[in-house]
Amino acid sequence: METPDFFELEVPAGPSGPGATPAGSPRPAASGLWAAGERVTWVAGLVLALSSFMGWYAGSGVGVKLAVIGWQTGVLGKLVFFIGLAVLALVALRESGFELPPAIPESLVVLALGALAAIFVLIRIISIPDAVLPADGRGIGIWISLLAALGVILGGLVRAAEEL
């Protein structure tokens, strides 16, 4: 009498190619607009980090034109840069396989970082620092920062919808 061999298992062939995920991968393959939430998040995070080096205030004095970048506006301008870097690091770590614990949804962290950046930029839109004062108005860089912060929030919302 012959007994069945329990150690010979046939592994079904999975999809192969550039979009295939390895077996046992904890994260599903990107679907629909190439994981729109992830793409919006990293693009907005990159723009947010770079916007600290754009002109936030512009003005003119006696024979001089003034342009002040976000980095020079004090702690809030620097924090906007580091929040953008934190968003980029979060996306890069996720792409490399690092996942946050299940108790901390990644979309919630992205939303919180975006909200914090938006608050910091709104403070700088409302209140021009005294150190940069012959500034007549706001430059294009501060508006780009605000749009990028709102983009990070949007990316977090789209990622939350993708997780559901």
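This section describes the aromatic pairs and the cavity of a predicted model.

The structure contains 5 aromatic pairs. A pair of aromatic rings is described by the distance of the centres and the angle of the planes. For F53 and W71, the ring centres are 5.6 Å apart and the planes meet at 25 degrees, so this pair is stacked. F53 sits in the loop between α1 (32-51) and β1 (55-60), whereas W71 sits in the loop between β2 (65-69) and α2, so the pair ties together parts that are 18 residues apart in sequence. F53 is partly exposed, at 42% relative accessibility, and W71 is also partly exposed, at 28%.

F53 pairs with F81 as well: the centres of these rings are 5.3 Å apart and the planes lie at 70 degrees, so the pair is edge-to-face. This pair links distant parts of the chain, since F81 belongs to helix α2 and is 28 residues from F53. F81 counts as buried because its relative accessibility of 16% is under 20%.

F53, W71, F81 and F82 form one aromatic cluster. F82 is located in helix α2 and is partly exposed, with 46% relative accessibility. The C-alpha atom of F82 is 9.9 Å from that of G45, 37 residues away along the chain.

A search of the whole structure finds 1 cavity of 30 Å³ or more, and the space in the largest cavity is about 30 Å³. Its lining consists of L90, L93, R94, F98, L100 and E106. Of these residues, 4 are nonpolar, none is polar and 2 are charged. Helix α2 (residues 75-95) gives the most to this lining, with 3 residues.

How values were computed:
Residues are numbered from 1 along each chain as its sequence is written. This is a predicted model: local features need pLDDT of at least 70, side-chain atom pairs count only at pLDDT 80 or more; totals for chains, interfaces and linings use all residues. Side-chain values use heavy atoms; hydrogens and water are left out. On a 1 Å grid over the protein atoms alone, a cavity is a set of points where a 1.4 Å probe fits but cannot get out, and a pocket is an open set with protein on both sides within 12 Å along at least five of seven lines; lining residues have an atom within 4 Å of a point. Grid points are joined across faces, edges and corners, and a volume is the space filled by probe spheres set on the points. Helices (H or I, at least four residues) and strands (E, at least two) are DSSP runs, numbered from the N terminus. Ala, Val, Leu, Ile, Met, Phe, Trp, Tyr, Cys and Pro count as nonpolar, Asp, Glu, Lys and Arg as charged, and the others, Gly among them, as polar. Buried means under 20% relative accessible area, exposed over 50%, partly exposed in between (1.4 Å probe, protein chains only). Rings of Phe, Tyr and Trp (its six-membered ring) pair if their centres lie within 6.5 Å; planes under 30 degrees apart count as stacked, over 60 as edge-to-face and the rest as tilted.
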